[in-house]
Amino acid sequence: TRSYDARITELAKAAGDETGVTGSYAYEIKYDSEDTNTEPFSDVGDAFVYRDLAGELNGYISTVSGPTFHTCDLGIEEAAAMGDAWLFTGTDENKDFEGRLCRVLIRQEKQNLRIDSIGCGNWCGARGYFDNTYTKNK
């Protein structure tokens with residue numbers, strides 16, 4: 001997959017991805033039993049994004065959270081550029097139980113992606129989440 005990722009990055013740069021946002025990212029937070037009064041566990045997440053010719057961001061985010069392994073999975077299509085970030089907005093048929101559209105803000109911070117979301121409960125287990133800083137995989 002390393003050569004595949006390199007080729008995608010090369011193609012994205014040729015298509016105008018001058019900041020190098022295209023690529024694979026991940027995070028892991030380890031908790032030990034002293035912190036949580038449970039067995040040790042990790043929150044993990046990975047994301048793959050690419051910038052298209054229109055300047056929009058596409059890809060996916062997948063996470064597993066907590067000692068009970070709550071998952072979140074979201075495909076991102078046509079996240080609109082907003083200054084130094086991109087905003088993905090879900091569709092009406094995927095509103096959460098409070099009637100909110102899923103919104104995911106993706107901001108590049110050097111070799112990291114900061115991902116913040118609201119209203120994305122339909123893509124997550126009870127205590128799952130996307131929000132974190134993901135580090136670019138080398």
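Author: We begin with strand pairing: two strands pair if DSSP finds at least two bridges between them. Helices (H or I, at least four residues) and strands (E, at least two) are DSSP runs, numbered from the N terminus. By that reading, strand S6 (residues 103–109) and S7 run antiparallel and are joined by seven bridges. This is a predicted model, in which local features need pLDDT of at least 70 and side-chain atom pairs count only at pLDDT 80 or more, while totals for chains, interfaces and linings use all residues. Residues are numbered from 1 along each chain as its sequence is written, and side-chain values use heavy atoms, with hydrogens and water left out.

Reader: Which residue stands opposite Ile106 in S7, and how many residues lie between S6 and S7 in their hairpin?

Author: Ile106 faces Ile115 in S7. The hairpin has two residues between S6 and S7, and Lys110 in the turn has a positive phi of about 55°.

Reader: How many bridges pair S7 with S8?

Author: Four bridges, in the antiparallel sense, pair strand S7 (residues 112–118) with strand S8 (residues 132–136). In a regular strand the side chains alternate between the two faces of the sheet. Across this pairing, Leu113 stands opposite Tyr134 in S8, and Arg114 stands opposite Thr133 in S8.

Reader: What do the eight strands form?

Author: They form a closed barrel in the order S1-S2-S3-S4-S5-S6-S7-S8, with antiparallel pairing. From one strand to the next the twist averages 30°. Here axes are lines fitted to C-alpha atoms, for helices over the stretch in contact, and angles run from 0 to 180 degrees between N-to-C directions.

Reader: How many salt bridges does a search of the whole structure find?

Author: Side chains of opposite charge can pair when their charged atoms come close. The criterion is a side-chain nitrogen of Lys or Arg within 4 Å of a carboxyl oxygen of Asp or Glu. The search finds four salt bridges. One of them joins Glu10 to Arg7, with the closest N and O atoms 2.7 Å apart. Both residues lie in helix H1 (residues 2–14), three residues apart, about one turn of the helix. Another links Asp116 with Arg114, at 2.8 Å between the closest N and O atoms. Glu98 and Arg100 also meet in a salt bridge (3.4 Å, N to O).

Reader: Is Asp116 buried, partly exposed or exposed, by relative accessibility?

Author: Buried means under 20% relative accessible area, exposed over 50%, and partly exposed in between (1.4 Å probe, protein chains only). Asp116, at 29%, is therefore partly exposed, and Arg114 is also partly exposed, at 24%.

Reader: Which side chain of opposite charge is nearest to Asp52?

Author: For charge, Lys and Arg count as positive and Asp and Glu as negative; His and the chain ends are not counted. Asp52, found in the loop between strand S2 (41–51) and strand S3 (57–65), is buried yet has no salt bridge, and the nearest side chain of opposite charge, Arg51, is 6.2 Å away. The side chain of Asp52 does make a polar contact with that of Asn58 (3.1 Å). A polar contact is a pair of N or O atoms within 3.5 Å; within protein, one must be able to donate a hydrogen and the other to accept it, and residues adjacent in sequence count only if both atoms are side-chain atoms.
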